[in-house]
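Here is a friendly briefing to read alongside the coordinates.

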Amino acid sequence: MSASQTELIEQLLKKLATIGYIKPGEFPNIDLYMDQVTTFMNSHLSDFKLNSDEKTLTKTMINNYAKNNLLPPPVKKKYSKEHMIVLTFIYYFKNILSISEIQDMLTPLTDKFFSTEGNSGGLTMEYVYNEVYATVKSQVSTVSQDTAAKIKAYSKHFEKVKDEEDREFLQTFSMICMLGFDVFLKKQIIQSLIDSIAPETAEPKKEAKKEAKQEKNE
């Protein structure tokens, strides 16, 4: 593997270890209008953007999420802390799951816990987010170390290829396949788990192709 490829990978792993999240307690305790919501989300999730022009969240996206029942409707055009927590979950999952899969996953969550008072057991969306955050945050270093070990192992592939350019290309392709297959396997597990919690009475839902296309073009 070339020095430039090794350096790039090291930089990506370092970024992964330091990437920012919306920490518990950072969500505003007051309800916000649409513009304030997009400003907050774009500011706090900026580390995940692939380029500076990319928008983390737009008005069109929020409207589409509400239209597809992923997000409870605002109250008097204002969005609560609970709304922003749901939007955060949607943001993380929208690149690996379909609209209908996210809906199947979030519907039971919002039905049970979407209110400032919580359910009869006192559980709230904020409590759920705090617990999930703690779990996910603890996994970052583990994922980074595991990925680094896999990349180091796969960098030894195609060592017998004499042409340097071909060898580097094939090593990079091999690593992409390895990481892609890892995501594929984990997605199978995610989809099975979603099926296990999806409301049994829910009718089959059509993919929101038009809304997804609009979001992609923004």
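## Overall layout

Starting at the N terminus, the elements of the chain follow the order α-β-α-α-β-α-α-α-α-α. That comes to 8 helices and 2 strands. Please keep in mind that this is a predicted model.

**The chain as a whole**

- The chain has 218 residues, and 35% of them count as buried.
- Its accessible surface is about 14,000 Å², with 56% of that belonging to carbon and sulfur atoms.
- If you take the contacts between residues at least 6 apart in sequence, 68% of them join residues at least 24 apart.

- Strand β1 covers residues 32-33, and leucine 32 lies in it.
- Leucine 32 counts as buried because its relative accessibility is 8%, and the cut-off for buried is under 20%.
- Beyond its neighbours within four places in sequence, leucine 32 is in contact with Val37, Lys77, Lys78, Tyr79 and Met84.
- Leucine 32 and lysine 81 are 49 residues apart along the chain, yet their C-alpha atoms are separated by 8.5 Å.
- Helix α2 has several buried residues, namely Met34, Val37, Thr38, Phe40, Met41 and Asn42.
- The cover over these buried residues of α2 includes β1, α3, β2 (78-79) and α4.

**Salt bridges**

- How many salt bridges does the structure hold? There are 3 of them, and each is described below.
- Aspartate 35 and lysine 59 form a salt bridge through their side chains, at 2.9 Å from N to O. This pair links distant parts of the chain, since aspartate 35 sits in helix α2 (residues 34-44) and lysine 59 in helix α3 (residues 59-67), 24 residues apart.
- Both partners count as partly exposed: aspartate 35 has a relative accessibility of 46%, and lysine 59 has 43%.
- Lysine 81 and glutamate 126 make another salt bridge, with their closest N and O atoms 3.2 Å apart. Lysine 81 belongs to helix α4 (residues 81-93) and glutamate 126 to helix α6, so the pair ties together parts that are 45 residues apart in sequence.
- Lysine 186 is partly exposed at 45% relative accessibility, and aspartate 182 is partly exposed at 21%.

**Surface patches**

- A patch of negative charge on the surface brings together Asp163, Glu164, Glu165 and Asp166.
- Within that patch, aspartate 163 is placed in the loop between α6 (125-154) and α7 (164-197).
- Aspartate 163 has a relative accessible area of 39%, so it is partly exposed.
- A nonpolar patch on the surface is formed by Phe181, Phe184 and Leu185, which together have about 300 Å² of accessible area.
- Phenylalanine 184 is part of helix α7, and its relative accessible area of 44% makes it partly exposed.

**Phenylalanine 114 in its loop**

- Where is phenylalanine 114 found? The loop between α5 (99-113) and α6 holds this residue.
- Phenylalanine 114 is partly exposed, with a relative accessible area of 22%; the cut-off for buried is under 20%.
- Setting aside residues up to four places away in sequence, phenylalanine 114 touches Pro72, Ser80, Glu82, His83, Val86, Leu109 and Met125.
- One of these contacts is glutamate 82: phenylalanine 114 and glutamate 82 are 32 residues apart in sequence, and 6.4 Å apart in space from C-alpha to C-alpha.

Technical notes:
Residues are numbered from 1 along each chain as its sequence is written. This is a predicted model: local features need pLDDT of at least 70, side-chain atom pairs count only at pLDDT 80 or more; totals for chains, interfaces and linings use all residues. Side-chain values use heavy atoms; hydrogens and water are left out. Patches are made of residues with over 30% relative accessible area and no salt bridge: like charges are joined within 9 Å, nonpolar side chains (Val, Leu, Ile, Met, Phe, Trp, Tyr) within 5 Å. Accessible areas come from the Shrake-Rupley method with a 1.4 Å probe; for residues, only the protein chains shown count as cover. A salt bridge is a side-chain nitrogen of Lys or Arg within 4 Å of a carboxyl oxygen of Asp or Glu. Lys and Arg count as positive and Asp and Glu as negative; His and the chain ends are not counted. The place of a charge is taken as NZ of Lys, CZ of Arg, CG of Asp or CD of Glu. Helices (H or I, at least four residues) and strands (E, at least two) are DSSP runs, numbered from the N terminus. Buried means under 20% relative accessible area, exposed over 50%, partly exposed in between (1.4 Å probe, protein chains only). Contact means heavy atoms within 4.5 Å.
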